[in-house]
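Me: I have a model open and would like to go through some side-chain details. Can you take my questions as they come?

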Amino acid sequence: MAKFSEKRIRESLTQQLKSKGADVDLYRSMIEDYVFFFKQLEHMKHDIAARGHTYTAYSAAGKEYEKENPSVKNAIVYSRQMLAIISSMGLSTEKIAGGSGSEADGDLG
C-alpha cells in the first residue's frame, strides 16, 4: 500500500485547480477539508488494522460479545466525503492536467 503525504496531496490538488484556472479561496478551503478527511481515514485504517472489523467487547453485565468496529463505517463515510469534495471541484481521472510524470499518472506517494 502506497503511503501518501498530506503535502503531496495538497500540492497535487492545488496544481489541478491552477490548471483549471480555479485556484481560489473556496477551493483551497475544500482542499484543506479533503486533507482533514484524508487524515481521519488514515486513523480509521490503522484502527481496523489493529483491532480488525470486529472486536471483543463487554456488556454492562460483564458478558463478552463481538462488536463491529465503528472505524469500518467511519472509513466509508470519510472516503465518500473525499470523493464528494473531488467531484465538486470538477476533478476526475479524465481531467488530470500536466504535472510531473508520476503525479499525472496518479502517483501521489
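Me: How many aromatic pairs does the structure hold?

Reply: Two aromatic pairs. Keep in mind that this is a predicted model.

Me: What sort of pair do Phe36 and Phe37 form?

Reply: Phe36 and Phe37 are edge-to-face, with 5.3 Å centre to centre and 75° between the planes.

Me: Phe37, buried or exposed?

Reply: Phe37 is buried, at a relative accessible area of 18%. Phe36 is partly exposed, with 41%.

Me: And which pair do Phe37 and Tyr78 make, edge-to-face or tilted?

Reply: Phe37 and Tyr78 are tilted: the centres are 5.9 Å apart and the planes make an angle of 40°. An angle over 60 degrees would be needed for edge-to-face and one under 30 for stacked, so 40° falls in the tilted class.

Me: Where do Phe37 and Tyr78 sit in the chain?

Reply: Phe37 is in helix 2 (residues 25–51) and Tyr78 is in helix 3 (residues 70–88). They are 41 residues apart, and their pair links distant parts of the chain. Tyr78 is buried, with a relative accessible area of 18%. Phe36, Phe37 and Tyr78 form one aromatic cluster.

Me: On to helix 3. Which residues there are buried?

Reply: Ser71, Ala75, Tyr78, Met82, Ile85 and Ile86.

Me: What covers the buried residues of helix 3?

Reply: The cover includes helix 1 (6–20) and helix 2.

Me: Which exposed residues does the face turned away carry?

Reply: Lys73, Arg80, Leu83 and Ser87 are the exposed residues on the face of helix 3 turned away from its buried side.

Me: What should helix 3 span, given its residues?

Reply: The 19 residues of helix 3 should span 27 Å at 1.5 Å a residue. The end C-alpha atoms are 27 Å apart, which agrees.

Me: Now the ends. What does Asn69 reach at the start of helix 3?

Reply: A side-chain oxygen of Asn69 comes to within 2.9 Å of the backbone nitrogen of Ser71. Ser71 is also among the buried residues of helix 3.

Me: And which residue with positive phi follows helix 3?

Reply: Gly90, with phi near 75°.

Definitions and conventions. Residues numbered from 1 in each chain as written. Predicted model: local features only at pLDDT ≥ 70, side-chain atom pairs only at ≥ 80, totals over all residues. Heavy atoms only, no water. Phe/Tyr/Trp six-rings, centres within 6.5 Å; stacked < 30°, edge-to-face > 60°. Buried < 20%, exposed > 50% of the residue type's maximum accessible area, 1.4 Å probe, protein only. Helix = DSSP H or I, 4+ residues; strand = E, 2+ residues; numbered from the N terminus. Expected span 1.5 Å × (residues − 1). Contact = heavy atoms within 4.5 Å. Polar contact = N/O pair within 3.5 Å; in protein donor to acceptor, adjacent residues only side chain to side chain.
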